[in-house]
Amino acid sequence: MTISTTLRANARVFALATLGLAGALALAGCAAAGAGDADHSSMGHGGVAASDAALPAGVNDADLAFASGMIMHHRQAIEMSDLVLAKDGLDPEVAALAERIKAAQQPEIDRMQSWLDDWGRSAAADDPAGMDHGGMMSADDLSALEAAAGADAGALFLEQMIVHHEGAVAMAETVLDAGESAEVRELAQAVVDDQSAEIAEMQALLAR
């Protein structure tokens, strides 16, 4: 079974899992309120710090789940781009795409991190490589990309990044349906538009 076959089938799971974070956080908050002496410094599920503070008006748990999950997702896309850019003999078009991905996604990470700061939440620094849903690559997938050379590395990068982008698009479409924040929805729509265009570009490069 290929990477695409295994991961493409799960491309929307992460979006659903991140929305599940909303319920987990709510339950965690209730438990903390009833415990009295509970340790409020513990981390919540999905890489978001548990907090007693309510989210600001116009922001809901779907917005929070999207921001925390997409930070993790974007970080891995940058890691994958760095891995392929280190290769000798890389197709210049693949290299240019990887550079564009890095240039686009780091500012989006910074923007989402600023939202979390404003909301009184923090994204965990967990390594996302072990995740196998929502288009995220596993540790084995990243190792295969790191070990590949030249044109083979470029093709593997494209195959993996198509699946990775599909997961991001699914996450964005979920928050477009369920989120409240206008800023979050604006970024989510940009993710859908930009990464869908990049998926088409990568498919064309693979078919060439």
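A salt bridge is a side-chain nitrogen of Lys or Arg within 4 Å of a carboxyl oxygen of Asp or Glu. The exercises below concern a predicted model.

**Exercise 1.** Determine how many salt bridges a search of the whole structure finds, and examine the one that involves Asp-82.

*Solution.* The search finds five salt bridges. In one of them, the side chains of Asp-82 and Lys-102 meet, with an N to O distance of 2.6 Å. Asp-82 belongs to helix α3 and Lys-102 to helix α4, 20 residues apart. Buried requires under 20% relative accessible area and exposed over 50%. Asp-82, at 36%, is therefore partly exposed, and Lys-102, at 26%, is likewise partly exposed.

**Exercise 2.** State which helices are tied together by the salt bridge of Glu-201 with Arg-100.

*Solution.* The closest N and O atoms of Glu-201 and Arg-100 are 2.5 Å apart. Glu-201 lies in helix α7 and Arg-100 in helix α4, so the pair ties together parts 101 residues apart in sequence.

**Exercise 3.** Decide whether Ser-181 is buried or exposed, and describe its surroundings.

*Solution.* Ser-181 is located in the loop between α6 and α7. Its relative accessibility is 6%, so Ser-181 counts as buried. Leaving aside residues up to four places away in sequence, Ser-181 touches Gly-58, Val-59 and Asp-63. A polar atom of its side chain lies 3.3 Å from the backbone nitrogen of Glu-183.

Terms used
Residues numbered from 1 in each chain as written. Predicted model: local features only at pLDDT ≥ 70, side-chain atom pairs only at ≥ 80, totals over all residues. Heavy atoms only, no water. Helix = DSSP H or I, 4+ residues; strand = E, 2+ residues; numbered from the N terminus. Buried < 20%, exposed > 50% of the residue type's maximum accessible area, 1.4 Å probe, protein only. Polar contact = N/O pair within 3.5 Å; in protein donor to acceptor, adjacent residues only side chain to side chain. Contact = heavy atoms within 4.5 Å.
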